[in-house]
Amino acid sequence: MKLTVIGGGSTYTPELVEGIAVAHAALPVSELVLADPDARRLELVGGLTRRMLARAGHPARVVTAEVAAAGDLDAAVADAAVVLLQLRVGGQAARHVDETLPLACGCVGQETTGAGGLAKALRTVPVVLDIAARVAARAPDAWIIDFTNPVGIVTRALLDAGHRAVGLCNVAIGFQRRAAALLGVEPGRIGLGHAGLNHLTWVRSVRRDGREVLPELLDRHPDALAAISGLPAPFLRGLGAVPSYYLRYFYDHDRVVEEQRGARSRAEEVAALERDLLAQYADPKLDAKPARLAERGGAFYSEAAVRLAVSLLAGRGDVQVVNVRNHGTLPFLDDRAVIEVPARITASGAVPLPVPAVEPLFAGLIAHVSGYEELALDAALRGGVDRVAAALLAHPLVGQREPAERLARDLVAANRAHLPWAA
């Protein structure tokens with residue numbers, strides 16, 4: 001079995017490799033291809049990957065593929081069973097702009113939502129669609145698992161283009177693991193009523209062995225849940241739900257802007273962390289992921305990705321939280337919208353499970369952001385400063401005429417090198 005990782009030079013990759021090593025019986029990878037345009041990163045990450053698999057006694061052959069041209073990419077994905085996308089167009093430098101430029105307009109600077117998330121979508125969607133077209137030509141039966149943000153918009157682009165794709169985020173599995181730890185049980189005994197859009201979700205139900213225990217969690221572990229969500233415990237009790245930590249950008253918008261203006265960007269922090277990680281990866285004695293990788297984010301990413309790949313290939317029919325077409329699951333959204341909910345994973349793809357009626361407080365925001373995502377995808381596909389401005393005007397984290405127009409001009413100018421239509 002061939003598994004290709006696009007963005008294989010990422011410092012995230014050892015996390016994924018650990019999951020592949022542990023799951024060899026269920027996911028018998030014989031060839032692991034790490035594809036990336038950065039030769040130096042590939043050398044370091046590829047070396048660590050080989051040592052990690054050797055330590056685990058895993059027989060997979062590791063291939064590093066520098067994708068400097070289209071032909072390189074074709075070879076990297078040819079005959080793959082799974083292609084996993086974890087790329088970052090523009091690197092941490094572009095992310096820094098995403099996180100800082102909106103602050104001048106009094107808007108949150110974040111790389112996956114708001115103005116920064118739109119900039120990332122503009123850069124990313126065309127690149128991902130080109131990769132997917134090559135996968136369709138060279139490995140037509142392959143599944144594309146998208147971990148590239150903004151996951152909802154990127155997954156919608158892939159599905160609209162007819163690709164075999166499922167979007168994946170680690171927020172749900174992270175909450176499941178933390179809830180299990182608080183309750184003192186194995187994670188497999190915990191089921192989540194998780195619903196919304198990618199990075200815009202609420203856990204409205206936590207079931208232990210089928211019995212509802214969210215009220216118990218809210219009563220007994222308020223501080224832990226507050227730390228997970230970044231929001232005060234009394235607020236969570238009032239909601240009767242635990243929002244994703246990305247909801248803090250909406251519920252505490254002005255406070256977050258103040259904090260961001262007084263701190264260095266997350267991109268700067270990650271860039272420094274990555275320099276240290278890559279230096280560690282260069283050590284020929286290192287054969288396990290280093291402890292500092294936990295600071296990079298993406299907790300439980302490897303487990304989620306491997307589980308999804310296994311279920312898609314084997315048609316296990318188990319339930320996982322993924323990004324999938326709405327198809328009436330949330331009746332207030334278009335059927336083509338991409339939502340993040342529990343779904344049954346089959347060999348034919350992910351089928352969303354029924355979701356209890358969503359409270360108006362949550363449904364209104366979901367519908368608002370879903371409308372933005374549709375406009376964002378249109379801007380990414382067709383370009384134009386006016387389309388970018390329309391998407392920003394539709395986003396509740398911007399939503400005003402003058403900031404939308406100014407940010408549209410500034411974002412396009414800052415990302416011109418990655419936007420062919422803006423050249």
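**Exercise 1.** Which residues does Ile6 touch, not counting residues up to four places away in sequence?

*Solution.* Keep in mind that we are working with a predicted model. Start at Ile6 and skip residues up to four places away in sequence; the partners are then Ala35, Leu73, Val77, Val83, Leu84, Leu85, Gln86, Leu87 and Ile131.

**Exercise 2.** Work out how helix α4 is oriented against helix α13, and what lies between them.

*Solution.* First take the geometry: the axes of α4 (residues 91-100) and α13 (residues 266-281) come within 8 Å and cross at roughly 160 degrees. Angles over 145 degrees count as roughly antiparallel, so α4 is roughly antiparallel to α13. Now list the contact: α4 supplies Gln92, Arg95, His96 and Glu99, while α13 supplies Arg266, Ala267, Glu268, Val270, Ala271 and Glu274. Sorted by class, these are five charged, three nonpolar and two polar residues.

**Exercise 3.** Decide whether helix α14 is largely enclosed or open, and find what follows the helix.

*Solution.* Begin with its length: α14 (residues 301-314) spans 20 Å from first to last C-alpha, close to the 20 Å expected for its 14 residues. Then pick out the buried positions: Tyr301, Ser302, Ala304, Ala305, Val306, Leu308, Ala309, Val310, Ser311 and Leu312. Ten of the 14 residues are buried, so α14 is largely enclosed by the rest of the structure. Last, step past the end of α14 to Gly315, which has a positive phi near 60 degrees.

Notes: Residues are numbered from 1 along each chain as its sequence is written. This is a predicted model: local features need pLDDT of at least 70, side-chain atom pairs count only at pLDDT 80 or more; totals for chains, interfaces and linings use all residues. Side-chain values use heavy atoms; hydrogens and water are left out. Axes are lines fitted to C-alpha atoms, for helices over the stretch in contact, and angles run from 0 to 180 degrees between N-to-C directions. Helices (H or I, at least four residues) and strands (E, at least two) are DSSP runs, numbered from the N terminus. Angles under 35 degrees count as roughly parallel, over 145 as roughly antiparallel, 65 to 115 as roughly perpendicular and the rest as oblique. Contact means heavy atoms within 4.5 Å. Ala, Val, Leu, Ile, Met, Phe, Trp, Tyr, Cys and Pro count as nonpolar, Asp, Glu, Lys and Arg as charged, and the others, Gly among them, as polar. The expected span of a helix is 1.5 Å times one less than its number of residues. Buried means under 20% relative accessible area, exposed over 50%, partly exposed in between (1.4 Å probe, protein chains only).
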